[in-house]
Amino acid sequence: MEWETVIGLEIHVQLRTQSKIFSGSSIAFGAAPNIQASAVDLGLPGVLPVVNQAVYPKAIAFGLGIGADISLVSAFDRKNYFYPDLPKGYQITQMDKPIVLGGSVEIPLDDGSVKTIQITRAHLEEDAGKSLHEEFIDSTGIDLNRAGTPLLEIVSEPDMRSAKEVVSYARYIHQLVTYLGVSDGNMAEGSLRCDANVSLRPVGSSELGTRTETKNVNSFRFLERAINFEVVRQKEVLESGGRVEQETRLYDPDRDETRPMRSKETAMDYRYFPEPDLLPIVIDEAFIAEVKKNMPELPREKAERFQSDYELSNVDAKVLASEPMLADYFETVAATCSDPKLAANWVRVELLGRLNKDSIETSDIPVSSEQFGLLLLRINDQTISGKIAKDVLDALWKTEADSVDDYIDANNLKQVSDSGALEPLIDKIIADNPKQVEQYREGKTKVLGFFVGQVMKETSGKANPKQVNELVRKKLS
Amino acid sequence: MQYDSIAQQLDNLIRGTYSSVELTRHYLDRIKQHAQLNCYISVLEESALEAAQQADQARAAGNAGPLTGVPIAHKDIFCTQGVKTTAGSQMLYNYDAPFDATVVSRLATAGAVTIGKTNMDEFAMGSSNETSYYGAVLNPWDTTRVPGGSSGGSAAAVAAGLCSAATGTDTGGSIRQPAAHCGITGIKPTYGRISRWGMIAFASSLDQAGPMTRTAEDAALLLGVMAGEDPLDSTCLAADVPNYVESLNKPLDGLKIGICEDFFAEGLEAGSEQVIRESLRVFEDLGATISSVRLPHIEYSIPAYYVIAPAEASANLSRYDGVRFGYRCKEPTDLADLFKRSRSEGFGDEVKRRIMVGAFTLSTGYYDAYYRQAQQIRRLIKDDFQAAFAEVDILLGPTAPQPAFSLGEKTGDQVAMYLQDIYTIAGNLAGLPAMSIPAGFSSDLPVGLQLIGNYLDEASILAAAHQFQQRTDWHQRVPASMAAEN
Amino acid sequence: MKITDKVVKNIAELTQLRFTEDELAEIGASMTETLELVEQMQQVDTAGVEPMSNPLDATQPLRPDVVTEGDNRAIYQRIAPETQDGLYLVPKVIE
């Protein structure tokens, strides 16, 4: 049977604030255990939460960024469960009235197209602490520094069909929240963590299969692996006539597998109810407008501008605008070479291809956008050919060079456009290949390419192909 | 001097009739003498005398605040820094709170001397003070009887002359009902008037602190100090706190008093009913007019309350897990054992019952029928009161269905115990200010009169109570065994 | 509504309480009694009534985003049952 994979993602994004969502503790990463855990964070008897005013503009900015509805009245609820790193025995979250409802993003796929992923909701909540299982032999250590760190949980619809799509989506969200200043996006510090809901169903079926939730994956690579593992596992279960258990699983990167979480085995009933220690939060349109005013240009707005200002195709514009860093990179390249279309083509094909192949993040592109632009300028001013340009780009990519012009000079790559130098060479090649000359004259004009190729070969690709083309044609006619 | 009102004590302190140290020592002696009443869980002899000495010095230096040198007791539900704070539970038998409740710090800043922490029903869940891990409190009027609850220790301590006044908390009547049973004055202000920071939570949307005193005037004085905005409590109101003492004598002429006849239905003990009806004449003499009002949903108060309060409590009490503070079971075998045994050993039966009921009403499939329905009824009750307050200024009625009952009389009958709060609960559900004042006796036991005001209008019920007390002496009556002393 | 042992066990698990077999029956009976007491609530027609989770129809005040808390670990851990190296200890959890 053919199976279709259905994946929805819950992304927990830590918000870039100074203090926690309900207390005045610092959220700085890496502090000694429990020194950033106040009475409120510890859930001591008699403490009460008070909402940090900084979390709302951030959640709203995200909502505007995905074209969602912003709730004018939102409220917090209690989600009840016991865990040693959940100090109060409940998590304060937003169940019934989340701040952000709906919205969507358009993510670039490997085949160059874009796909729309619907977002169900995004809500504010507090992070839990950390359980350290490796520190002691018979005990688990609890560090509550992270307890109360503000989170935005972004819940997608089950719109994704492969691990790759999920990673594209997660990357998109990562870029967006970083770009909007919602989060520092530091994955290594756990600023963005994913729970993947994976299920399979027979192709053509519209019903959803039983899903598993793989929790707390904090790298894109692990996310892809965890989902791929889950897909294979579920397929094996289903094909051997078994049933997928609805359960929470953990991804173990060391063994590259997911396994059921033992500690959360018992069926959960979270008993949500309105948090009585907090009142509803009411905002008005003016508040939203103020947030909007302070926001940078959004991907969807960028894509529209790219189409109108640079005359890019819809898909080019959406792909390039999808990631703010990529968009900025593209715009610098376009400005440097004064040829947005060429820039769009090279950034999409050459740059994204290399990033993809080498698994490099947009933040870590080894070639500066200025040098990339200069490279394209050198194509347009006919200093080098497109083919040579790719070689130059490879050299820059491997950081064998850091200046386009220096590298061209040092390796003598300037294309030969001097007809005085090219003509004797062309004459010689024509003389050496009478058979091909005859074919050409009989009307097989395709042979022209053979001559041009020979010239390029003799000049190590440095000849200006356009000029060679013209010269060969003239001499053969 | 133990039965002087705070107003009188302040006068004596100012005139130098006695010092705060003398007054404090006097109460400390009396607490020892009457230890069998079991009013206190902790007596802070050393720190109280120290604070009294400082109070005397401050007064001598001309730096006296509104309560300087007045010894007060805190219900053991208020966190007091460095002092054991138990909430009447074994769960917190060793809990030295690391910070002060806002109520505690405000009263201390006003100069009050903290003399001790009073006994209470465990986590304020009870109407007789019999659920305390630290033993029952005896009613000073009749030591075979309960003082009421959950602020039973505070009420008995004030009634027995073991402090000048005490703090209490009221979730379903826990200030008013024990005040009634012990013949003292107690006010639960508007929900949100007093910060809940540092007040150990029972049911967050119902809990409210308040003073328990000998007179309405003292209540006005203490409330003025305790009330007001607190950035640490989101539900604490930003509204201005009026000078309650100044408005005590605002004439009652033309005051419109509403009587809810549902409060006089079957179940109200005859002697108590007579006391309440007679007290109405005093108000008429003072110029008030009395009319009947209807509160159509009032009969659903008990059901709504016994869903909402346990539901909130079930979550509020989840933090007691033996990990960060409080009781931890011996040698847990694994995590589940740590949680389950610490909680099962640390909590008493009534607390466990309410956690169980509360969690049930929130569980999948029952939320709408129980919790949501209760919250909707709560709004209907609020709307009933708002309709009534469109016609009258304050409401009057009994505080409790009968005077103090015998120890053990209702411990086996959960529902009978729950019905003790039948007249007080609506005030918590609606969040209205309400108080109880002594209005007479039935079978030699004090009977409380309840006054309910509109939102933020504590001033009207305090003024009515004060002027009632100017015309009557019920509030000055003291238990015979106590009166025999100096 | 009658609360069965099964329901009691389930709720006990959710609330992390442990009861002996004798206590199970007792707590079930007590829960049943409370639920019977609140049962009359079901007579009320509440269609269209907005649930009231708080007596005040007030809205949430917000706190400035400022770090106001310092390191009080020593104070807070003085009242903790078991700590080591600044961590709270619980029996080993196997995930």
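**Group meeting talk: helices, salt bridges and a surface patch**

Let me start with helix 7 of chain B, residues 216-226. Eight of its 11 residues are buried, so this helix is largely enclosed by the rest of the structure. Keep in mind that this is a predicted model.

Which residues of helix 7 of chain B are buried? They are Ala216(B), Asp218(B), Ala219(B), Ala220(B), Leu222(B), Leu223(B), Val225(B) and Met226(B). Just after this helix comes Gly228(B), with a positive phi of about 125°.

Next, salt bridges. Side chains of opposite charge can pair when their charged atoms come close. Over all chains, the count comes to 56 salt bridges.

Take Glu350(A). Its side chain meets that of Arg354(A) in a salt bridge, 2.7 Å from N to O. For Glu350(A), the relative accessible area is 14%.

Glu350(A) has another salt bridge, with Lys390(A), at 3.8 Å from N to O. Glu350(A) is in helix 9 of chain A and Lys390(A) is in helix 11, residues 386-397, so this pair ties together parts that are 40 residues apart in sequence. Lys390(A) is partly exposed, at 37% relative accessible area.

Now chain B. Glu350(B) forms a salt bridge with Arg354(B), and their closest N and O atoms are 2.7 Å apart. Both lie in helix 11 of chain B, residues 349-362, four residues apart, or about one turn. Glu350(B) is buried, with a relative accessible area of 10%. Arg354(B) is buried too, at 5%.

Salt bridges can also share partners. One such network joins Arg78(A), Glu275(A), Asp277(A), Arg196(B) and Asp233(B).

On to helix packing. In chain A, the axes of helix 14, residues 434-441, and helix 16, residues 465-476, come within 11 Å and cross at roughly 80°. These two helices are therefore roughly perpendicular to each other. Helix 14 makes the contact through Val437(A), Tyr440(A) and Arg441(A), and helix 16 through Arg473(A), Lys475(A) and Leu476(A).

A loop residue next. Ile360(A) lies between helix 9 and helix 10 of chain A. Its relative accessible area is 23%, so Ile360(A) is partly exposed. Beyond residues up to four places away in sequence, Ile360(A) touches Leu355(A), Ile365(A), Pro366(A) and Trp397(A).

Last, the surface. Leu72(A), Val73(A) and Val282(A) make a nonpolar patch of about 220 Å². Val282(A) belongs to strand 18 of chain A, residues 281-282. Val282(A) is partly exposed, at 46%.

How values were computed
Residues are numbered from 1 along each chain as its sequence is written. Chains are lettered from A and ligands numbered from 1 in the order in which they are written. This is a predicted model: local features need pLDDT of at least 70, side-chain atom pairs count only at pLDDT 80 or more; totals for chains, interfaces and linings use all residues. Side-chain values use heavy atoms; hydrogens and water are left out. Patches are made of residues with over 30% relative accessible area and no salt bridge: like charges are joined within 9 Å, nonpolar side chains (Val, Leu, Ile, Met, Phe, Trp, Tyr) within 5 Å. Accessible areas come from the Shrake-Rupley method with a 1.4 Å probe; for residues, only the protein chains shown count as cover. A salt bridge is a side-chain nitrogen of Lys or Arg within 4 Å of a carboxyl oxygen of Asp or Glu. Buried means under 20% relative accessible area, exposed over 50%, partly exposed in between (1.4 Å probe, protein chains only). Axes are lines fitted to C-alpha atoms, for helices over the stretch in contact, and angles run from 0 to 180 degrees between N-to-C directions. Angles under 35 degrees count as roughly parallel, over 145 as roughly antiparallel, 65 to 115 as roughly perpendicular and the rest as oblique. Contact means heavy atoms within 4.5 Å.
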